[in-house]
Amino acid sequence: MSGLHAELTSTEPEAGAGQPGTGPGTDTGGAATARARAMAARLTAAGWPLRRTFGVGVVNKIDPAAFRTAQLEIAYLNQETGVRGYALTARPTFLTPYTQGLAQEQREVSALRRLLTGMPAAQADLTQVTVRAGTWRARYAKPTIRQVRASGKPVTGATVNQGKADFDRLRAALTGLQTDLASERRQAVSGLNNSATALNAIGIGIGLALLVILIVLAFSLEISVIRPLSRLAADARQVADGDFAHHVDPGGPQEVRTVGMDVNRMRERILAELSAARVAHARLEVAHASLEARTEDLQRSNAELEQFAYVASHDLQEPLRKVASFCQLLQRRYAGRLDEKADQYIEHAVDGAKRMQQLINDLLAFSRVGRTAQRREQVSCAILLAQAWANLGPAVRASHATIEVDGHLPEVLGETSLLTAVFQNLLSNALKFAGAEAPRISVSARRDGEFWLFSFTDNGIGIPAEYAERIFVIFQRLHDKAAYPGTGIGLAMCRKIIEYHGGRIWLDTTVTSGARFCFTLPVRPGDAEADG
């Protein structure tokens, strides 16, 4: 603002501006007006305090009035110079500055009356100036001009001295007007400086207020948003790290509390599900441990049972053989010598010994499955089927049975003797449980994923669906031994052998005429890789 004040003070018109003979000074006035307008444009853009104080008080009135006062002084000086030159030379051309000064005086006085509105002291000074100018012209200028025109000679003496005294009073009045304008200008500049100071103070106050507001907002944001969010993030990380028992306590604004409560509900739900999963896992482990214990007990019991069956059957062979031998000796030696009742008793004893011997042999064979594991080898199911069919030659010929193989039978890995026993048992059942017609047996095999699916179909008496599982239980019979001989261990033996080879066997209950047994055997690893 000190530079602004210096610029303003530098534009004050000097009291001695416009010396005699300088002319109207139109170029000087135009430059001053341009500078005043440019400075007004720069200052009024600063805001309403400067516009009110400087734009209205200084630029629009005081500075133009000072400029017009200087131009008015130049007009009077031109008038005085013209009259004095004309009085000394009596040459009309010297009156040109006088006539121009009169015209310029009228313009400047008219402009000053408009500019000095609201400044009573300056208006009074302007009135005094115009009065003294009129006095100077009435007492000196006009009489001198008339005298020179009348005589055609220069005029000197007391009249010239009287004109100088009147003009000095005129200049004194002009100086008073300029002094009043300078005082008004100083007051305006002082108001401008005060406004600038107030504006600076307001700006500084606004800046400080904004800074305080920013600090308060930052602190409030830290307290109400950032810290609660940081706590919520820390709680969420702790829960994400596995501490699901950690309680999330939300705080801060409503939105942050809502998010915190959602996170806490999610944690509680995860904790509940985790607790349920842990309980289920514990129960599963208990059940698994119990199942393993039962499985071990069952395996041990089965092993002991198999061992007992093997030992019992093996140890019973010798005494049973003696019983059967002596019963047969009695039958041969005393047949017909005793009564019919005795022969019948001996016959029952021989038959019971033979059946007991057959049961022991079958039980021994059943217990040996899987106990004396042999090396599995690649075997052709077609050869196994042919061998089983040949072993049943007398029964086949007696029943006039026929067999049909549907397609090609594959090769599998297994123990030849055990798989032959399966084929032979299934064929034997088809021959044994034949119907009125001669037995017809159909054998087929097809690929089913990683297994071969075999089927044995016959046209016999069939098996009711409700006995589909019972027939695979050891020693379970559906018919009287007198009608269909046998020990009831054949299908149980087949199931044990098939499961030993990694497959399964079942009765196809969809067949209503005859019976169909199906079983699976794994595909050889080489065949599985080739197909893959």
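The following legends describe close-up views of a predicted model.

**View A. Packing of helix α11 against helix α12.** Helix α11 spans residues 416-432 and helix α12 spans residues 490-500. Their axes lie 9 Å apart and form an angle of about 145°. The crossing of α11 past α12 is left-handed. From α11, the contact is made by Leu 418, Leu 419, Ala 421, Val 422, Asn 425, Leu 426 and Asn 429. From α12, the contributing residues are Gly 490, Leu 491, Met 493, Cys 494, Ile 497, Ile 498 and Tyr 500. Eleven residues of this contact are nonpolar and three are polar, with no charged residue.

**View B. The open five-stranded sheet.** The strands follow the order β2-β4-β5-β7-β6, with mixed pairing. Strands β2 (402-406) and β6 (505-507) are the edges, each pairing on one side only. From one strand to the next, the twist averages 15°.

**View C. Pairing of β2 with β4.** Strand β4 comprises residues 440-448 and pairs with β2 in the parallel sense, over five bridges. Within this view, Val 405 stands opposite Val 443 of β4.

**View D. Helix α12 on the sheet strands β6 and β7.** Helix α12 lies across both β6 and β7 (515-522). Relative to β7, α12 runs at about 25°.

**View E. Two cysteines, Cys 381 and Cys 518.** Cys 381 counts as buried because its relative accessibility is 0%, under the 20% limit. Cys 518 is likewise classed as buried, because its relative accessibility is 8%. A search of the whole structure finds zero disulfides.

Technical notes:
Residues are numbered from 1 along each chain as its sequence is written. This is a predicted model: local features need pLDDT of at least 70, side-chain atom pairs count only at pLDDT 80 or more; totals for chains, interfaces and linings use all residues. Side-chain values use heavy atoms; hydrogens and water are left out. Axes are lines fitted to C-alpha atoms, for helices over the stretch in contact, and angles run from 0 to 180 degrees between N-to-C directions. Helices (H or I, at least four residues) and strands (E, at least two) are DSSP runs, numbered from the N terminus. A crossing is left-handed if the near helix is turned anticlockwise from the far one by less than a right angle, and right-handed if clockwise. Contact means heavy atoms within 4.5 Å. Ala, Val, Leu, Ile, Met, Phe, Trp, Tyr, Cys and Pro count as nonpolar, Asp, Glu, Lys and Arg as charged, and the others, Gly among them, as polar. A disulfide is a pair of cysteine sulfur atoms within 2.5 Å. Buried means under 20% relative accessible area, exposed over 50%, partly exposed in between (1.4 Å probe, protein chains only). Two strands pair if DSSP finds at least two bridges between them.
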